[in-house]
Structures are given as structure tokens and as C-alpha cells.
Amino acid sequence: AKFHISKLEALKLQTQMTCNKLFGKQISSVTSLLKNTYLDGYYHSAYEIQHGLNVGWNIAAIDENKLSKIMGKPWTTDGLNFSDRIWANRESLINETHKQLTQDILLGRSPDASIKAIAKKFNTSKSKAGRLVMTESAYFSSESQKDCFKDLDVERFEIIETLDDETCSICSAMDGQVFDMKDFESGVTAPPFHPWCRGCTAPFFDDNYTERAARDADGKTYYIPDNIKYPEWKKS
């Protein structure tokens with residue numbers, strides 16, 4: 001049958017198969033990363049809480065069925081999960097490649113221009129993949145903390161943002177906000193609030209006095225009382 005397939009169609013089929021293979025590997029790698037992010041976040045949160053209270057007790061291991069449900073649940077307003085976004089990036093790259101191949105053959109032009117256009121598109125896709133991985137990792141880290149807090153009967157949580165010049169106005173306003181656990185919702189009352197968000201959460205206790213880290217103008221770390229929130233720190 002391949003004798004009846006034009007050169008263009010054969011090239012399109014080949015590029016599509018290559019893209020499918022590449023993005024299939026990406027989904028596998030991202031899935032593994034996010035599973036580990038959730039599990040590490042859950043167990044590490046449990047350890048830190050028990051260590052801080054100086055009391056240890058048994059907790060149930062996360063079963064695979066629960067983890068699979070968490071992995072497949074969309075959390076953004078567009079209703080897409082990380083797998084959907086990866087396949088959407090794949091379609092965009094395939095379409096661009098097919099367009100460039102068609103123009104090359106119809107116009108009889110050198111492939112140099114197409115190579116540059118496809119490379120630019122691929123770099124854009126790479127940037128999107130980086131943003132997707134970092135933002136989804138932040139979400140699964142947040143979800144692992146939420147589930148751990150609930151299992152350990154934490155009643156309230158506090159938002160902790162980074163005290164440096166890179167923190168945006170959205171996150172700086174949320175720093176130090178305290179909510180009941182029933183109101184914990186990633187993207188609304190808990191990080192991530194936007195792509196590349198660096199915020200996190202911690203259990204809140206009225207009588208708990210600690211210190212928190214901040215960075216000065218040179219990027220060096222120093223410590224301040226934890227009751228100082230971002231707006232006050234920024235002003236000082």
C-alpha cells in the first residue's frame with residue numbers, strides 16, 4: 001500500500017508517529033514524577049507534623065486506586081488534567097510540522113526555513129512542558145499536604161509564601177492567610193495560584209511560635225519572626 005502513498009503523506013505519517021512516541025515518553029515521565037511528588041509530600045508532611053508535636057502515631061499507606069483518582073482529576077477551570085495538556089502540545093507541534101512539510105513540497109523550497117520554524121515551535125513546546133511540569137508538581141504537592149493534614153486531624157492551615165523580590169502581588173497578598181481545612185482548595189485558597197507558583201501551606205496553631213526564612217537583596221537567607229507577613233516584610 002505504501003506505493004500508493006505520496007511522499008508528503010508518508011512524511012506526515014512518519015512525523016506523527018515520532019511525535020506520538022516522544023510525547024508518550026513525556027506523559028510516562030511526568031506521571032512518574034507527579035506520583036512521587038504526591039507520595040513524598042504526603043509522608044514528609046506527616047513526618048514534620050509528628051516531629052513538631054513530638055508525638056508519633058501510625059498512618060495508612062496511600063493505595064494505588066486513590067493515587068490514580070488524584071492523578072486523573074482536573075483542577076483548573078478549563079477542566080484539563082496534565083495528560084490532556086501534553087497531548088494538546090503534541091497536536092500543536094504535529095500541525096506545525098505538517099504545515100511546513102506541505103509548503104516545502106508544494107513550493108519546492110529548501111527545508112532550511114521549515115527547520116527553523118519547527119525548531120522554534122519545538123522550543124515553545126519545551127517551554128510549555130516546563131511550565132506544565134512545575135505547576136502540576138506544585139498542585140500535587142499541595143494536594144498531598146491537604147490529604148495529610150486531614151488524615152492527621154489538622155483543623156486550620158496557613159499559606160506560606162517566599163519572602164523575596166520575585167513573589168507576585170497575588171501570592172504576597174495571600175501570605176499568612178489562615179483558613180479552615182474544609183475550605184482548602186488548590187488554586188483558590190491554597191497554592192498554586194498561577195503557573196510557576198512557589199507558595200506552600202503549613203498547619204496553623206495559635207500558640208506555635210517559630211521563625212521563617214527570607215532573602216535579602218543579595219539573595220542571602222536570614223530569619224525573622226513568623227508573625228511577620230509579606231507586606232510588612234516588603235515595607236521594611
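1. Asp-78 counts as partly exposed because its relative accessibility is 42%; the label covers the range between buried (under 20% relative accessible area) and exposed (over 50%), with a 1.4 Å probe and protein chains only. Asp-78 pairs with Arg-85 in a salt bridge, with 2.9 Å between the closest N and O atoms. The term here takes a side-chain nitrogen of Lys or Arg within 4 Å of a carboxyl oxygen of Asp or Glu.

2. A word on the source: this is a predicted model, where local features need pLDDT of at least 70 and side-chain atom pairs count only at pLDDT 80 or more, while totals for chains, interfaces and linings use all residues. Residues are numbered from 1 along each chain as its sequence is written, and side-chain values use heavy atoms, with hydrogens and water left out.

3. The whole structure has 13 salt bridges. One of them joins Asp-164 to Arg-198, at 2.8 Å from N to O. This one ties together distant parts of the chain, 34 residues apart: Asp-164 sits in the loop between β1 and α5, and Arg-198 in the loop between β2 (178-180) and β3 (200-203). Helices (H or I, at least four residues) and strands (E, at least two) are DSSP runs, numbered from the N terminus. Asp-164 is buried, at 6% relative accessibility, whereas Arg-198 is partly exposed at 35%.

4. Lys-182 and Asp-183 also form a salt bridge, 3.4 Å from N to O. Lys-182 is exposed at 68%, and Asp-183 is partly exposed at 32%.

5. Now the inside. The largest nonpolar core holds 33 residues, and Phe-82, Ile-86, Phe-140 and Phe-157 have the most contacts inside it. Two or more residues come from each of α1 (7-53), α2 (64-72), α3 (82-107), α4, β1 and α5 (169-174), with α1 giving the most, 9 residues. Another core, of 5 residues, lies apart from it and includes Leu-163, Ile-224, Tyr-230 and Trp-233. A core means buried Ala, Val, Leu, Ile, Met, Phe, Trp, Tyr and Cys residues joined through side-chain atoms within 4.5 Å.

6. Last, the surface: Asp-151, Asp-153, Glu-155 and Asp-180 form a negative patch. Patch residues have over 30% relative accessible area and no salt bridge, with like charges joined within 9 Å and nonpolar side chains (Val, Leu, Ile, Met, Phe, Trp, Tyr) within 5 Å. Glu-155 lies in the loop between α4 (112-151) and β1 (156-160) and is exposed, at 67%.

Terms used
Accessible areas come from the Shrake-Rupley method with a 1.4 Å probe; for residues, only the protein chains shown count as cover. Lys and Arg count as positive and Asp and Glu as negative; His and the chain ends are not counted. The place of a charge is taken as NZ of Lys, CZ of Arg, CG of Asp or CD of Glu.
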